[in-house]
Amino acid sequence: MAESVDVRDRIEDLREQVRYHNRRYHVEDAPEISDAEYDSLYRELEALEGEHPELVTPDSPTQRVGGEPLEGFEEIRHSVPMLSLANARKVEDLHEWDARVRRLLGDDESPRYVTERKIDGLAVSLRYEKGRFVRGATRGNGAVGEDVTANLATVRSIPERLDDDPPEVLEPRGEVYMTLEDFEKLNRRQEEEGKPPFANPRNAAAGAIRQLDPRITARRPLKIYLYGIGEGGEGFESHSRMLDRLKDYGLRANPHKLHDSIESVIEECLHAASERESLPYQIDGVVVKVDSREQQLALGSVARAPRWAIAYKFEPLAGRTKLLDIHVKVGRTGALTPQAVLEPVNVGGVVISRATLHNEDYIKEKGILIGDTVVVERAGDVIPQVVKAVVEERDGDEREFAMPKYCPVCGEPVSRPEGEAVTRCVNSRCPAQALEHIIHWSSKSAMDIDGLGEKLATRLFDLGFIKDAAGIYDLKAEQLVPLEGFGEKSAQNLIQAIDRSKEQPFSRVLYALGIRHVGAVTASLISRRFGGDDLMDGADVERLTEIDGIGEVVARAVVEYFDLEDNRDLVRRLMERGLDFEREEDGTTDGPLSGKRVVITGTLERPRSYYVERLEAAGGTFTSSVSKNTDYVLAGEEAGSKLARARELGVPVLDEAGFEELLSS
Ligand SMILES: [Zn+2]
C-alpha cells in the first residue's frame with residue numbers, strides 16, 4: 001500500500017510542477033526551465049499515469065491531447081449575454097462617443113478610460129466552477145453559442161485549474177487566436193499535406209475551435225487573451241481591477257492601459273495602428289471602455305451594445321496592383337509554390353512586390369491571369385497573398401499560368417498526385433526536400449526514433465549534422481552534447497534510440513523511405529514478397545502487381561523510386577549502416593488464430609517475442625494498440641492503459657494460460 005501512496009504523491013507533485021511551468025510558459029511568457037526539462041517532467045507524469053490509469057483525473061495536464069471526435073456541437077445559452085460593441089471608424093467618432101459619455105454621466109463625474117488591443121480571433125466564454133475548467137463556448141450570436149469544451153481544453157494557455165481563491169463560478173471571456181508565426185507554419189503544413197491554406201489567422205483559429213475532432217484542435221497552436229467576465233464578474237469596482245484579478249487567477253489577461261482623457265485614448269489608438277505590424281498576432285482595432293463599474297452601470301446599454309464601450313477599427317491592409325509574372329518556388333518539402341511577381345505597391349506603409357498564390361488550384365479557382373490587376377492583402381510579417389483579380393480591368397493581353405513539369409531546383413520531373421492540390425518534387429535527394437524526409441523517417445509510424453522530432457531534426461539539419469536519412473546513423477553523441485538542451489545523458493539516449501531503429505523490420509524501412517503511395521500497409525505487403533536487393537535489382541511493375549493489394553499506380557511509384565540514381569544511392573548507404581532490408585516472412589499462416597488481431601501488454605513470464613512468434617505461427621496478427629477491431633488482449637502483470645481500454649471496449653482479456661488454451665483449441 002505504501003508504494004501506491006508514494007506514486008500518488010509523485011503524480012500530484014509532477015502535476016503541480018507541470019501546471020506551474022505551463023503557467024510560466026503559456027500564460028506569463030516567462031519559462032524557468034528548458035523545453036527538454038519540461039518534457040522530462042511531462043513524460044514522467046504520463047508514464048506514471050499510464051501505469052496507474054486509476055489515478056488519472058480529468059484535470060491532469062496530460063488530459064489535454066483531445067478526446068474522442070464529436071457528432072456535433074451542443075448549444076449553450078450564455079448565463080450573461082456576450083457583448084457586441086459599437087464601432088468607431090474615425091477619430092471624430094471617438095470624440096463624439098466621449099462627449100456622449102460625459103453628457104450622460106454629468107459634469108462632475110469625469111470618466112477614466114481603459115484601452116486594450118482588439119485581437120482578431122474567435123470570442124469564447126470559459127466557465128470555471130470551484131476553480132476547475134468545466135465548460136467553454138463560442139460567442140455565437142451573443143446569447144447562444146456552441147459547446148466547444150473539449151477543444152478549448154486543448155489550449156495550453158487555458159489552465160485546467162485557477163489559482164488564488166477564485167469565486168465559486170467564474171466565466172472569463174476572451175479571444176482565441178493564432179500567432180502569425182504559427183499561422184504560417186500551419187499553412188505550410190496544410191500545403192504539404194495537399195490541403196487548402198487558411199485565408200488568415202482568424203479563420204485558422206476559428207476553424208480549429210470548431211473542429212469536431214479535438215485531437216486536430218490539439219495540434220493547432222492556439223492562444224487566448226481574456227478581457228472580461230460573465231458570471232462571477234459583478235463584484236469588481238473597475239474593468240482594470242478585473243483584468244488584474246484575471247492575472248492572479250493564472251489567466252492570460254489582455255494587456256491594458258489607463259487614460260484620463262479621450263486625447264490620450266486617441267493617441268493610443270493611433271499608436272496601436274502604427275504598431276500593429278510589429279505585433280506577433282493580428283489586431284484589427286482598439287477597444288475602449290469606461291473603467292469604473294459604477295459609471296458603466298449608470299451608462300447602461302442600447303440593444304445589446306453597452307454605451308460605455310466602443311471599438312476603434314483599423315483600415316484593412318489591402319492594395320491593388322499589377323501581376324507581372326508568376327514564379328515557382330520549391331519549399332523545403334518539395335512543394336512547388338507559385339509566387340506572384342507584382343508591380344511594387346504600398347500597402348499600409350509597406351512596399352510589396354511579391355505575394356503568394358498558394359498553389360495551382362488557387363490560381364484557377366480565383367481565375368487569376370498573368371497581367372491582371374489584382375488585390376493584395378497582408379498581415380504583419382506573413383507573406384502577402386493575392387486575394388482576387390479585378391476582371392473589369394483586363395485588356396486581352398493576360399495569359400494563363402502553367403505549372404512547370406520539372407523541379408526548378410534539381411531538374412527532376414515533378415508530380416501532382418491525384419486529389420491533391422500540391423505539385424511537388426519527389427526526388428528524395430532534392431536539396432529542397434531532404435529535411436521533410438528526415439522528419440518522416442524518424443516519425444513514430446516509420447522508424448520511431450524517440451526524441452528526434454520535427455524541431456530537433458530541423459535544428460540538426462540546419463547545423464549540417466544530418467543531410468539525409470542515412471546521415472542520422474552517422475550522428476555522434478559528442479556533436480550533440482554542446483548543443484543547448486542537451487547533456488551527456490540525453491545525447492546518449494538519442495544515439496541509443498537511433499541505434500534501436502536499426503532493429504525495425506524491412507516493412508518499416510520501406511515505409512520510411514517515403515515512396516509516394518507506399519503507406520505502412522502497402523510497405524508490409526511488398527516486404528513479404530521482395531527484399532531490398534530485389535527492388536534494387538529491378539522488380540518491375542508486372543511482378544509488383546502480382547502481389548494481392550498492389551495496383552499499378554503503386555507499382556509504378558515503387559519502380560520509379562528505385563530507378564532514380566539519387567534514391568539508389570540513399571538506399572545503398574542505408575544498407576551499409578545496417579538497416580534491415582531483408583524480405584519478411586509471410587505471416588499468413590492458417591491456424592487456430594487465423595485472422596485474429598491480438599494485443600500483448602504488461603509483464604509476461606517469457607519475452608514478448610515468444611508470444612508474438614506463437615501468435616503468428618497460429619495465423620494471428622500482433623497489433624500494438626487496442627481498438628474495436630482487436631479480438632483479444634493478452635495481459636501480463638502491471639498491464640496499464642491497454643488493459644483498461646480493452647475492458648472499456650469489452651475486448652476479451654486473456655492471461656498466459658488462456659492464451660495457451662486458445663492456441664491448442
Ligand atoms: Zn527537386
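**Strands, loops and a charged patch in a predicted model**

The chain contains 24 helices and 25 strands, where helices (H or I, at least four residues) and strands (E, at least two) are DSSP runs numbered from the N terminus. This is a predicted model in which local features need pLDDT of at least 70 and side-chain atom pairs count only at pLDDT 80 or more, while totals for chains, interfaces and linings use all residues. Residues are numbered from 1 along each chain as its sequence is written, and side-chain values use heavy atoms, with hydrogens and water left out.

Me: What percentage of the residues of the chain count as buried?
Reply: Buried means under 20% relative accessible area, exposed over 50%, and partly exposed in between (1.4 Å probe, protein chains only). The C-alpha trace spans about 95 × 80 × 50 Å along its principal axes. Of the 665 residues of the chain, the share that counts as buried is 49%.

Me: How many of the residues of strand β8 are buried?
Reply: Strand β8 covers residues 172-177. The strand is largely enclosed by the rest of the structure, because the buried residues number 6 of the 6.

Me: Which residue of β9 stands opposite R173?
Reply: Two strands pair if DSSP finds at least two bridges between them. β8 pairs in the antiparallel sense with strand β4 (residues 122-129) over 4 bridges, and there A123 stands opposite E175 of β8. β8 also pairs in the antiparallel sense with strand β9 (residues 223-229), over 6 bridges. In β9, the residue opposite R173 is G228.

Me: Is K130 buried or exposed?
Reply: K130 is placed in the loop between β4 and β5 (132-138). Its phi is near 50°, a positive value in a residue other than glycine. Because its relative accessibility is 64%, K130 counts as exposed.

Me: How many of the residues of strand β16 are buried?
Reply: Strand β16 runs over residues 336-347. It is largely enclosed by the rest of the structure, because the buried residues number 9 of the 12.

Me: Which residue in β16 is the bridge partner of V330?
Reply: Strand β15 (residues 318-330) pairs with β16 in the antiparallel sense, over 7 bridges. In β16, the bridge partner of V330 is L336.

Me: Which residue takes a positive phi in the hairpin of β16 and β17?
Reply: β16 and strand β17 (residues 350-356) run antiparallel and are joined by 6 bridges. A340 stands opposite A355 in β17, and N346 stands opposite V351 in β17. The hairpin has 2 residues between the strands, and the residue with a positive phi, near 55°, is G348.

Me: Is H358 buried or exposed?
Reply: H358 is found in the loop between β17 and α11 (360-366). Phi of H358 is near 65°, a positive value in a residue other than glycine. Because its relative accessible area is 6%, H358 is buried.

Me: What is the relative accessibility of E637?
Reply: E51, E605, E637 and E638 form a negative surface patch. Such patches are made of residues with over 30% relative accessible area and no salt bridge, with like charges joined within 9 Å and nonpolar side chains (Val, Leu, Ile, Met, Phe, Trp, Tyr) within 5 Å; a salt bridge is a side-chain nitrogen of Lys or Arg within 4 Å of a carboxyl oxygen of Asp or Glu. E637 lies in the loop between β24 (632-635) and α23 (641-649). E637 counts as exposed because its relative accessibility is 60%.

Conventions: Accessible areas come from the Shrake-Rupley method with a 1.4 Å probe; for residues, only the protein chains shown count as cover. Lys and Arg count as positive and Asp and Glu as negative; His and the chain ends are not counted. The place of a charge is taken as NZ of Lys, CZ of Arg, CG of Asp or CD of Glu.
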